[in-house]
There are 2 protein chains.
Amino acid sequence: MHHASDILLTLFIVFIAAQIGGEIAQRLKLPGVVGEIAAGCVVGPSVLGWITPEQIASGTPLDVLAEIGVVLLLFAVGLETRLEDLKKVGKVAFLVGVLGVLVPFGMGGVWAHGNGFDWSRSLFIAAAFVATSAGITARVLQELGALQRTESKVILGAAVIDDILAMLLLGVVVSIQGGEGIDLMHLLAVLLGAVGFIAVIGVGGARVMRWNSSWLDTPRSPHSALAIVLALCLGLAYVSTLFGLAAIIGAFLAGMIASETRQQHALEKQTQPLLALLTPFFFVVTGSKIDLSQLASLEADIMLLVVTLIAIVSKLIGGFLGSLSLGTRSATVVGFGMVPRGEVGVVIASLGLSAGVFTPQIYAIIVAMSLLTAMVTPPVLAWTLRRTRANGEKVEAPELR
Amino acid sequence: MHHASDILLTLFIVFIAAQIGGEIAQRLKLPGVVGEIAAGCVVGPSVLGWITPEQIASGTPLDVLAEIGVVLLLFAVGLETRLEDLKKVGKVAFLVGVLGVLVPFGMGGVWAHGNGFDWSRSLFIAAAFVATSAGITARVLQELGALQRTESKVILGAAVIDDILAMLLLGVVVSIQGGEGIDLMHLLAVLLGAVGFIAVIGVGGARVMRWNSSWLDTPRSPHSALAIVLALCLGLAYVSTLFGLAAIIGAFLAGMIASETRQQHALEKQTQPLLALLTPFFFVVTGSKIDLSQLASLEADIMLLVVTLIAIVSKLIGGFLGSLSLGTRSATVVGFGMVPRGEVGVVIASLGLSAGVFTPQIYAIIVAMSLLTAMVTPPVLAWTLRRTRANGEKVEAPELR
């Protein structure tokens with residue numbers, strides 16, 4: 001009868017930590033998400049140990065709740081994104097995506113090689129510098145009510161491009177690592193698959209919904225439309241992993257499709273409580289993965305500082321150059337918006353560790369860098385966004401949580 | 001990047017199975033919950049095997065999601081329940097709770113003894129006949145918009161009493177089993193702890209909220225009140241397990257406390273999407289635990305039929321006699337409302353199996369009985385409720401899902 005006791009305590013700790021951390025952050029005029037990540041670090045193994053490393057390992061209930069949380073977050077972001085708006089910024093987003101991958105990959109590789117790794121290992125390490133995690137940025141944009149701004153559309157579009165390129169790059173470096181050489185035909189097939197999936201689902205789905213979404217108006221209950229789009233969200237999140245993309249890409253597409261329906265506004269409202277319950281799990285679990293003990297030497301700290309600076313500057317350059325046509329202020333917003341690496345860098349580092357390419361220290365540093373970029377970005381992004389608010393675009397509910 | 005692939009597929013299967021099962025059930029004029037349980041049986045190990053036994057074991061992500069689902073369901077039911085209303089039916093609920101435990105315990109014990117078990121084992125088996133699972137009944141009452149009816153208040157109040165008594169009874173039969181004899185002082189302490197917890201939290205919490213809940217009116221966001229009561233829900237769900245009670249009792253109390261606040265109506269609306277996402281996991285997982293292969297002999301089927309009949313009739317008698325003061329029609333509703341055993345019978349049977357008291361066949365039969373009562377109750381309860389609708393009480397949205 002009482003087997004669920006331990007997990008309930010853990011859920012309570014994670015949830016309440018997020019609330020307290022978020023509240024403190026907001027009183028310090030920081031985005032709530034920073035507080036949630038910091039709270040995760042505090043209750044996690046590194047400080048209080050109320051959450052153990054076993055509890056946040058891959059496939060555990062907390063890990064799955066975190067995944068559901070970020071999937072729902074990107075679904076909600078998709079709900080506020082119209083395909084038409086994304087198309088308008090398509091070219092800029094593409095440039096930002098490509099440069100935002102190439103510059104960090106290049107700078108990361110040079111740094112790793114300069115630190116004594118051979119080129120094939122250096123490229124693997126460089127791959128961990130690449131992939132932007134859209135979750136953090138999306139949450140900040142949402143908190144600031146800035147999802148309708150041009151910069152936000154560029155960032156979200158670029159995040160999709162970024163994910164495709166990061167996936168291809170990971171394929172390449174893993175092949176090089178295995179000494180197999182690069183199978184261009186295979187890579188081309190992977191690229192075509194991913195692009196095809198996004199085009200067919202995103203563009204096709206949105207067109208179908210715009211054409212006719214009255215079948216969602218079931219009279220039976222105001223929540224069956226929600227159930228249908230949530231099923232779509234889970235389904236597309238799964239299918240996008242089959243094409244080698246992150247689950248959140250599929251969730252974003254599902255939201256974008258649902259945004260074309262007549263229920264868009266009701267769905268947006270109904271999704272808010274889901275985010276309130278589940279996204280804290282993503283951010284707290286993200287924070288709890290920071291392993292402070294691996295960074296207890298001066299040498300490690302300096303290296304972490306350098307790596308984090310490279311990660312920030314390289315992404316900033318890529319995003320800035322890619323979106324320069326929007327003006328320097330907007331380009332700065334886009335650049336910072338692309339900085340957070342979040343969980344994707346962590347996963348690549350885990351692959352590198354288990355493949356024997358990364359030393360435990362490099363692993364810890366890459367993980368810490370991913371999380372540091374995730375923690376540094378929100379306040380900077382919030383600041384740059386406020387500074388460029390003069391654009392005349394709608395900015396509502398500046399402190400929405 | 002793609003480690004989450006498998007679990008996403010499982011989540012999708014569970015969620016879509018619930019939607020399809022619920023839809024079919026409603027077209028057959030059955031409560032949606034019956035379809036969700038049946039869908040769980042179909043996608044579970046017994047039929048399609050899309051969900052494996054390992055995936056629904058205790059502590060797995062699906063199990064935890066199911067637990068969160070039922071916790072939120074009872075929280076939502078609590079939100080629609082005023083302490084004042086429960087007090088009005090206090091005496092009747094107490095009688096229903098006590099008789100609804102004693103009659104099944106007695107009849108179950110006699111049946112087990114008649115089937116060749118010694119008395120100490122028979123009492124353990126009898127304990128598995130006892131505990132009502134409030135989740136199923138609560139969902140049916142909610143689907144039918146009948147939570148405000150007197151019978152519903154009696155059932156919910158009795159479910160709390162029932163849970164306390166079942167917990168004590170389990171303590172007794174486990175002690176007898178171990179040959180330790182019964183420690184009356186210990187049992188008394190357990191009883192006082194549980195009753196004290198419910199009284200202090202339920203009555204005290206509700207009073208505090210009625211006295212002043214303006215501190216929940218934070219201007220920052222319409223969702224921070226929700227976050228606070230969700231934290232309360234998770235916290236009380238955990239604490240109630242410390243007092244030996246089911247987690248759902250604490251969740252129900254949290255909802256009841258929140259129902260006294262000024263935000264009650266907003267909270268009720270915001271909880272609906274949470275239920276839409278998460279309660280399907282509870283009902284599908286419940287259904288997927290039915291192991292049809294253990295019941296593949298005529299002998300087993302006859303025994304299952306007898307056990308299920310005893311379980312239904314004994315609870316019906318207890319609930320009916322306890323609430324006879326409401327009139328025979330309402331007493332019938334209450335009696336059927338107490339019938340479902342759901343997951344609690346399953347947990348007691350698991351304890352009995354691992355303690356070597358239950359044979360695998362008795363285990364399978366008790367589990368199947370628990371789930372059969374859960375499947376049989378909703379349509380019967382819906383039917384009796386509709387038949388007694390003449391009471392003049394408010395019945396809204398008869399097919400709400």
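User: Where is Ser323(B) placed?

Analyst: Ser323(B) sits in the loop between helix 13 (298-322) and helix 14 (328-337) of chain B. Helices (H or I, at least four residues) and strands (E, at least two) are DSSP runs, numbered from the N terminus. This is a predicted model, in which local features need pLDDT of at least 70 and side-chain atom pairs count only at pLDDT 80 or more, while totals for chains, interfaces and linings use all residues. Residues are numbered from 1 along each chain as its sequence is written, chains are lettered from A and ligands numbered from 1 in the order in which they are written, and side-chain values use heavy atoms, with hydrogens and water left out.

User: Is Ser323(B) buried or exposed?

Analyst: Buried means under 20% relative accessible area, exposed over 50%, and partly exposed in between (1.4 Å probe, protein chains only). Ser323(B) has a relative accessible area of 0%, so it is buried.

User: What does the side chain of Ser323(B) reach, and with which residues is Ser323(B) in contact?

Analyst: A polar contact is a pair of N or O atoms within 3.5 Å; within protein, one must be able to donate a hydrogen and the other to accept it, and residues adjacent in sequence count only if both atoms are side-chain atoms. Here the side chain of Ser323(B) reaches the backbone oxygen of Gly319(B) at 2.8 Å. Contact in general means heavy atoms within 4.5 Å. Neighbours within four places in sequence left aside, Ser323(B) is in contact with Val92(B), Val96(B), Ala331(B) and Val334(B).

User: Where does Arg149(B) lie, and which polar contacts does its side chain make?

Analyst: Arg149(B) lies in the loop between helix 7 (134-143) and helix 8 (150-177) of chain B. Its relative accessible area is 2%, so Arg149(B) is buried. Its side chain is joined to that of Glu151(B) by a polar contact of 3.3 Å, and also reaches the backbone oxygen of Leu385(B) at 3.3 Å.

User: How should I read Ile56(B), and which residues does it contact?

Analyst: Ile56(B) belongs to the loop between helix 2 (32-43) and helix 3 (61-79) of chain B. With a relative accessible area of 7%, Ile56(B) is buried. Its C-alpha atom is separated by 9.2 Å from that of Gly44(B), 12 residues apart along the chain. Beyond neighbours within four places in sequence, its contacts include Pro45(B), Leu62(B) and Val285(B).

User: How many disulfides does the structure hold?

Analyst: A disulfide is a pair of cysteine sulfur atoms within 2.5 Å. The structure holds 0 disulfides over all chains. Cys233(A) is buried, with a relative accessible area of 1%.
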